[in-house]
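Subject: The structure, and what turned up in it

Hi,

Here is the structure I promised to pass on.

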Amino acid sequence: MTFYEYTQNNSGGYFEVNDKLCDRLFIEAETLSEADSIAEDLGVYFNGVSYGIDCGCCGDRWSHGDEVSLSEINENGYDVSIYDGLGDIEESWDDSYGAYEIHTEPHWQQNIFRKFSGKIKFRNIEEYAQFLADEYGGTSPDARIFYQDGTVTEINKRK
């Protein structure tokens, strides 16, 4: 089984949020075609600008799913960094990324800004979804994971 990620674009200045849709969806399926079909049953649609549903300036609300390969992400590591001009940068790093497995130890870069950067890994799809919600979330919930067995897990931003 594979997970496919569907990210919602803020087309027209708002996100569609209801009991099925939110900012980010993860769907477990055998193929992308199957995941797209499940997504459409949930209310995801494609080519919204062409159909006059979505804002032409903002673009389509939804695009077809992307396969989530945690093994590939973990092999290469997921780049993260903290820019902090005032506080304790090491504490900020630990607060933001200390719960994740380290791929590449964070290192200090001194330039105009103080920056700590490194790479992290994810143990499972829930941890990956939580990271994305914490970094980029803007709806409640920020992500939903739809498992093949019918289980649905909601992920909310922690920060």
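This is a predicted model: local features need pLDDT of at least 70, side-chain atom pairs count only at pLDDT 80 or more; totals for chains, interfaces and linings use all residues.

Let me begin with helix H4, which covers residues 125-136. H4 is 12 residues in length and spans 16 Å from first C-alpha to last, close to the 16 Å expected at 1.5 Å a residue. Is H4 mostly covered or mostly open? It is mostly covered, since nine of its 12 residues are buried. If you want to pick them out on screen, the buried ones are Ile125, Glu127, Tyr128, Ala129, Gln130, Phe131, Leu132, Ala133 and Asp134. Have a look at the start of H4 too: there, a side-chain oxygen of Asn124 comes to within 3.2 Å of the backbone nitrogen of Glu126.

Next, the charged pairs. In general, side chains of opposite charge can pair when their charged atoms come close. How many salt bridges does a search of the whole structure find? It finds seven, and I'll take you through some of them.

One is between Asp54 and Arg61, whose closest N and O atoms are 4.0 Å apart. Both partners are out of the way: Asp54 is buried at 9% relative accessible area, and Arg61 is buried too, at 1%.

Another joins Lys121 to Glu101, with 3.5 Å between the closest N and O atoms. This pair links distant parts of the chain, as Lys121 belongs to strand S6 (residues 114-121) and Glu101 to strand S5 (residues 101-110), 20 residues apart. Lys121 is partly exposed, with 22% relative accessibility, and Glu101 is partly exposed as well, at 35%.

Then there is Arg144 with Glu154, where the closest N and O atoms are 3.0 Å apart.

Now the cysteines. How many disulfides does a search of the whole structure find? The count is zero. Cys55 is in no disulfide, and the nearest cysteine sulfur to it, that of Cys58, is 3.5 Å away. Cys55 is partly exposed, at 26% relative accessibility. What about Cys57? Its closest cysteine sulfur is the one in Cys55, and at 4.6 Å that is too far for a bond. Cys57 itself is exposed, with a relative accessibility of 79%.

Last, take a look at Asp23, which you'll find in the loop between strand S1 (2-7) and strand S2 (24-29). Asp23 is buried yet has no salt bridge. The nearest side chain of opposite charge is that of Arg24, 4.7 Å away. As for its neighbours, leaving aside residues up to four places away in sequence, Asp23 touches Tyr6, Thr7, Gln8, Phe15, Tyr136, Gly137, Gly138, Thr139, Pro141 and Asp142. One of these contacts, Tyr136, brings you back to helix H4, which runs over residues 125-136.

Cheers

Methods
Residues are numbered from 1 along each chain as its sequence is written. Side-chain values use heavy atoms; hydrogens and water are left out. Helices (H or I, at least four residues) and strands (E, at least two) are DSSP runs, numbered from the N terminus. The expected span of a helix is 1.5 Å times one less than its number of residues. Buried means under 20% relative accessible area, exposed over 50%, partly exposed in between (1.4 Å probe, protein chains only). A polar contact is a pair of N or O atoms within 3.5 Å; within protein, one must be able to donate a hydrogen and the other to accept it, and residues adjacent in sequence count only if both atoms are side-chain atoms. A disulfide is a pair of cysteine sulfur atoms within 2.5 Å. Lys and Arg count as positive and Asp and Glu as negative; His and the chain ends are not counted. Contact means heavy atoms within 4.5 Å.
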